[in-house]
Amino acid sequence: MNEISPSVPDFQARLGEVQRIAREVAARHAADVDARSRFPAETLAALREARLLSAPVPRELGGGGCTIRELAEICSTLARSCGSSAMVLAMHYVQVACLVRHGGAEPLLRGYLTELVREQRLVGSMTSENGTFGEMRASLCAVQRDQGRFALKKDATTGSYCAEADAILVTARRGPEVPQTDQVLVLLRRGDYRLSATGSWDAMGMRGTCSPGFQLDSAGDEAQILPCPFADIAAQTMVPYSHVLWASVWWGIAADALARAAHLVRDLAKRSPGHLPGNAVALAAAFAESQALRHNWMTLAAELDALEAEGAAGRSALGSIGWALKLNHLKVAASEAAARIVHQALQVTGILGYKNDTAYSVARHYRDVLSASLMISNGRILAKSASMLLVFQEP
Ligand SMILES: Cc1cc2nc3c(=O)[nH]c(=O)nc-3n(C[C@H](O)[C@H](O)[C@H](O)COP(=O)(O)OP(=O)(O)OC[C@H]3O[C@@H](n4cnc5c(N)ncnc54)[C@H](O)[C@@H]3O)c2cc1C
């Protein structure tokens, strides 16, 4: 048993299972999921069967007890076969991490985690809202409390796989009288809410995430409101987990595009032995960028795991400007690098990569990876980083 990471032997077996699902299930259905903009039901069923939906839940509750670095490796492995499936899994893992780390001792929330492990529940997210213009840290909707119960209505702009989810974590104001930034996170289980889609999801890429807008109408027990303010949940879990896991997904998409480009260059080299194909140098440059991107998310994941090992002090460090900047830099750099790498793969593969129906096609990869800079807009993130950099000095 490895002393630093006791889950290592187990994890290799788990990762082997993810590789099998990626190869045998996700890759087989990826084109159809994309073409029909449909939920990747087969892949999610396989992940459920392999009990991978509870990978972030601690072992004492029956989950996989995976570290953030291990979760990122799972997501990047799946992304090499189907970007949409991997993004669904990454978003689900972020929500589960929020419940694990901020549910506290609340019996209802702990009970839900046990149920999630047993039934392999899928959890979606609704932070976006019409009228807040992409600002996750503001809500217009508010929980209305009455005698231990609450009611909550929300007009969400985007809700990935919410129609398929077993539960949704929703941001809202703590009450109707508080400012937009005084938010809570609420667990809504299927049966607690009604959803009506307010649009369609006929998008350029990430089509299998099935992310239209929704009107949400819900009610529940006050104990479903996470006890910790959303400001802390966002800083300590939602933002770090999102940026690391999303970056790992974008890297996985880019890595598969590069693998296809490398396949083409090798095929060309076989046809003219002794000659370096003209596009081989561009391929090498793209591989160098891919390695840098991979190291970026892996390093931050390892740093986050090390902070977690420090306990409460480590978690509160995540509220610092230094960490907020580090995570913002990862998000912006990873989303831009992944798109550049897929663009380079397209230049290497040329028309064979541009077509949808060749073994070298990078068309789906290109459309999927373009979502990265919008999924919390880079412009918005850079504006926040710019303000923080006015006052921040490297320690
Ligand atoms: C594939 C996908 C899945 C998603 N899934 C979910 C989900 O499950 N749940 C959910 O709640 N949301 C989800 N989202 C929504 C997402 O997280 C963002 O909230 C949403 O994409 C922001 O929308 P926007 O681009 O219109 O907003 P904005 O952030 O308002 O950006 C609009 C434009 O304004 C610019 N801009 C905004 N602010 C600034 C600024 N301060 N300085 C400079 N420029 C600025 C941006 O660059 C951009 O061009 C998903 C998005 C994608 C792409």
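**Helix H4 and the model as a whole**

Helix H4 is followed by glycine 104, whose phi is positive, near 65°; helices (H or I, at least four residues) and strands (E, at least two) are here DSSP runs, numbered from the N terminus. This is a predicted model, in which local features need pLDDT of at least 70 and side-chain atom pairs count only at pLDDT 80 or more, while totals for chains, interfaces and linings use all residues. Residues are numbered from 1 along each chain as its sequence is written.

**Helix H4**

- H4 has 20 residues and reaches 28 Å from its first C-alpha to its last, close to the 28 Å expected at 1.5 Å a residue, where the expected span of a helix is 1.5 Å times one less than its number of residues.
- Of the 20 residues of H4, 19 are buried, so the helix is largely enclosed by the rest of the structure; a residue is buried if 20 or more other C-beta atoms lie within 10 Å of its own, exposed if 12 or fewer, and partly exposed in between, with C-beta atoms placed from the backbone.

- In domain 1, 23 residues are in contact with 25 residues of domain 3, two residues being in contact if their C-beta atoms, placed from the backbone, lie within 7 Å.
- On the side of domain 1 that touches domain 3, at least two residues each are supplied by helix H1 (8-36), helix H3 (68-79) and helix H4 (83-102), and the largest share, 11 residues, comes from H4.
- By class, that side of domain 1 has 13 nonpolar, six polar and four charged residues; Ala, Val, Leu, Ile, Met, Phe, Trp, Tyr, Cys and Pro count as nonpolar, Asp, Glu, Lys and Arg as charged, and the others, Gly among them, as polar.

**Overall fold**

- The protein has 12 helices and seven strands.
- The radius of gyration of the protein, taken over C-alpha atoms, is 21 Å, close to the 21 Å that the globule rule gives for 395 residues, so the protein is as compact as a globular protein of that length; the globule rule is 2.2 Å times the number of residues to the power 0.38.
- Along the principal axes, the C-alpha atoms of the protein fill a box of roughly 80 × 50 × 45 Å.
- Buried residues make up 48% of the 395 residues in the protein.
- Among contacts between residues at least 6 apart in sequence, 76% join residues at least 24 apart.

- Helix H6 (residues 230-271) has 42 residues and reaches 59 Å from its first C-alpha to its last, close to the 62 Å expected at 1.5 Å a residue.
- H6 bends by about 35° at methionine 238, and proline 240 follows within four residues; the bend at a residue is the angle between axes fitted to the seven residues ending there and the seven starting there.
- In H6, 31 of the 42 residues are buried, so this helix is largely enclosed by the rest of the structure.
- Helix H7 (residues 280-309) has 30 residues and spans 43 Å from its first C-alpha to its last, close to the 44 Å expected at 1.5 Å a residue.
- Among the buried residues of H7 are Leu283, Arg294 and Trp297, and what covers the buried residues of this helix includes H3, H6 and helix H9 (321-349).
- Phenylalanine 287 is placed in helix H7 and counts as partly exposed, with 16 C-beta neighbours inside 10 Å.

**Single residues**

- Most residues other than glycine have a negative phi.
- Glutamine 120, in the loop between helix H5 (107-119) and strand E1 (123-126), has a positive phi near 55° and counts as partly exposed, with 18 C-beta neighbours inside 10 Å.
- Phenylalanine 133, in the loop between E1 and strand E2 (144-146), also has a positive phi, of about 55°, and is exposed, with 11 other C-beta atoms within 10 Å.
- Valine 33, found in helix H1, counts as buried, with 24 C-beta neighbours inside 10 Å.
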